Each structure stands twice: as structure tokens, then as C-alpha cells.
Number of protein chains: 2
Amino acid sequence: MNGAQFHKVAKALADPRRFEIFETIAASDEMCCGSISDCFPVSQATVSHHLKELADAELIEARCEGQFKYFSVRREVLTAYVEELVQRINAKPRAGVKPRRGSKAGVRTTTHSRR
Amino acid sequence: MNGAQFHKVAKALADPRRFEIFETIAASDEMCCGSISDCFPVSQATVSHHLKELADAELIEARCEGQFKYFSVRREVLTAYVEELVQRINAKPRAGVKPRRGSKAGVRTTTHSRR
DNA sequence: CAAACAATTCTACAATCATCTAAATAAAGC
DNA sequence: GCTTTATTTAGATGATTGTAGAATTGTTTG
């Protein structure tokens, strides 16, 4: 999983409503936009927007069947995200870095400015 | 891990810069605010803000030593988050729900309004 | 074809948030 | 006590984003 996808997933999981939607799809086999929006006090347009974000992060995929679009969870993508997350953080630290014990570390009289 | 904490963690991990900061702390044993802000083109105040978010999510903790504050990763919290995430999503679905095959599912002539 | 239904796109708005500068708080050393 | 350094807080701003309503596209079925 590349860095861009990694951040898309993190972002997609960050909004409470969107995560609820994600959970709801996961609890069922597959669901269409309308039945999802029945579960929440938000408009169908909002649900559609969240579904797009989730699909963009590849956390869900869609199967078209006539006028319906059935969404389902891509569990392997969530698993890949989780594995990368744990690997990036829980990997053994190169211990003993603990800096700033006499290092002037640059003058920095004024604070930064770039964005 | 309760729901509020769960969402705080998800949110804390969602911002790219904040995640980089988190990764940087994880790569070292512990780091103080100043040496972290040396690694990124943002002001120390911004770093302090991100550290507060991470600490609020309990993803990091601080150890005070004189005028310095050393931050370190709470790996067990990240692990708890990951486990809950996987459990909430990857738990076996109660298969066969697939609704909307003739259900009128409420009239909903107008779209929703509550937030 | 026309009407009804499903989903998305467009546009707009309010809220959130990442970021900055400046000021305040706190500790160390002279 | 004063100065220097480390960090946090306060206030402001620009960007992002969650949301709704309207318009649009696409599909099914009288």
C-alpha cells in the first residue's frame, strides 16, 4: 500500500458518520445507497459522498445491478492498512536517539513560515 | 477502548503531518517538542498543537524533565485501537441481509434535515 | 414514451481544523 | 532577580470538509 492510499484510508476512517456507514456495510453482506441512508439521519446525497470517499480509499467496492449499486467491504484493504500502520509505528525504534541534551539545534529566532 | 477514544485515535491518525510526527516519535525512544519541530517545516506552536491531539488520543505520553518534556509512543494504545478496528469491521457479517428488493422502506419524499 | 425510483453531481454554506504570530508560562543558569 | 531557552496558550486566518437541496443521469416498469 503506497503512502497516498494509506492516508486516504486514515482519513476515510476518521469521520464518525462515515465510519458508522462503513460499519453498517460490514455488518451486512452488501448494501445499496438507499438502504444505508435509511439507517442515518443524513441525506442520500451525503451518504453518496461518504461512499465515494470510502470507495476512493478502496475500503469498499461497488457491484452494479440494474438501478441499484451494491456496496461491500474490502476486508483485505483494511487488513493491509492495519498491518502497515502497526509496522510503521510498532517496529522497533532505533533506540538511544534522545537528542537535545546540549545541542543548540539551529538558531531559529523566528518561527517557521512555509506551509 | 470506548467509542469516544476510538474516534479520537482515528482522527489523530488522519492528518498527514500529525502522523509523520507520530512516526518520528515512534522511530526514536522519546523526543521533546523542539527536536520534533526541527524535523518539520512548521512552527513549534503547530507541533505543540499536534502533540496535544496525540496525547489527548493517548497515542503518546509525556515525561517532564526540567524545562523539557519528552514524548514517547504508547504502543499498547495503538494496538488496542487496531484490534478494535479489525474486530468492528472484520467480524463475520450476519450474512444475508441484502435488503431493498421490494421494500418500500419509508416514503421519504423530502430529504433529511437534521445534523 | 412517461412516470417513478436510484444514485450521483453541482452548488452553497457552516463548522472544523491546520497553521501562523504573538504573548504567556515555566524552568535553568548567570 | 534577570536573561535565555522550552513549551503552551490565545487569537486570527485560510483551507478543508460534512452536509443539504436541486438538478442530472440512468434504470425499471407501466
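1. Burial in this note follows relative accessible area: buried means under 20%, exposed means over 50%, and partly exposed lies in between, with a 1.4 Å probe and protein chains only. On that scale Glu58(B), at 35% relative accessibility, counts as partly exposed.

2. Basis of the note. This is a predicted model, in which local features need pLDDT of at least 70 and side-chain atom pairs count only at pLDDT 80 or more, while totals for chains, interfaces and linings use all residues. Residues are numbered from 1 along each chain as its sequence is written, chains are lettered from A and ligands numbered from 1 in the order in which they are written, and side-chain values use heavy atoms, with hydrogens and water left out.

3. Confidence. The pLDDT is the predictor's confidence in each residue, from 0 to 100. Chain A averages 86 on this score, and 80% of its residues score at least 70. Over residues 96-115 of chain A the pLDDT is below 50, yet beyond near neighbours in sequence this stretch has 32 contacts in the model. Contact here means heavy atoms within 4.5 Å.

4. Secondary structure and fold of chain A. Helices (H or I, at least four residues) and strands (E, at least two) are DSSP runs, numbered from the N terminus. Chain A has five helices and three strands, and along the sequence they follow the pattern α-α-β-α-α-β-β-α. Of the 115 residues of chain A, 41% count as buried. Among contacts in chain A with a separation of 6 or more, 56% come from residues 24 or more positions apart.

5. Helix pair between the chains. Two packed helices are described by the angle between their axes and the distance between the axes. The axes of helix H1 (residues 3-14) of chain A and helix H1 (residues 3-14) of chain B come within 8 Å and cross at roughly 145°. Axes are lines fitted to C-alpha atoms, for helices over the stretch in contact, and the angles run from 0 to 180 degrees between N-to-C directions. H1(A) passes H1(B) in a left-handed crossing; that label applies if the near helix is turned anticlockwise from the far one by less than a right angle, and right-handed applies if clockwise.

6. Residues in that contact. H1(A) contributes Ala10(A), Lys11(A), Leu13(A) and Ala14(A), and H1(B) contributes Ala10(B), Lys11(B), Leu13(B) and Ala14(B). By class, there are six nonpolar, no polar and two charged residues in the contact of H1(A) with H1(B). In this scheme Ala, Val, Leu, Ile, Met, Phe, Trp, Tyr, Cys and Pro count as nonpolar, Asp, Glu, Lys and Arg as charged, and the others, Gly among them, as polar.

7. Glu84(A) is in helix H5 (residues 75-90) of chain A and is buried, with a relative accessible area of 18%. Leaving aside neighbours within four places in sequence, Glu84(A) is in contact with Met1(A) and Phe6(A). Glu84(B) sits in helix H5 (residues 75-90) of chain B, is buried at 17%, and touches Met1(B) and Phe6(B), not counting residues up to four places away in sequence. Gly3(A), in helix H1 of chain A, is partly exposed at 33% relative accessibility. Gly3(A) and Glu84(A) are 81 residues apart in sequence and 9.9 Å apart in space, C-alpha to C-alpha.

8. Arg17(A). Arg17(A) lies in helix H2 (residues 16-27) of chain A and is partly exposed, with a relative accessible area of 23%. Not counting residues up to four places away in sequence, Arg17(A) touches Phe40(A), Pro41(A), Val42(A) and His50(A). The C-alpha atoms of Arg17(A) and Pro41(A), 24 residues apart along the chain, are separated by 10.0 Å.

9. Backbone at Glu58. Most residues other than glycine have a negative phi, and most peptide bonds are trans. Phi of Glu58(A) is near 65°, a positive value in a residue other than glycine. Glu58(A) is in the loop between helix H4 (44-56) and strand S2 (60-65) of chain A and is partly exposed at 35%. Phi of Glu58(B) is also near 65°, and Glu58(B) is in the loop between helix H4 (44-56) and strand S2 (60-65) of chain B.

10. Cysteines. A search of the whole structure finds zero disulfides over all chains, a disulfide being a pair of cysteine sulfur atoms within 2.5 Å. The sulfur of Cys32(A) is 7.5 Å from the closest cysteine sulfur, in Cys33(A), which is too far for a bond. Cys32(A) is buried, with a relative accessible area of 2%, whereas Cys39(B) is partly exposed at 43%.
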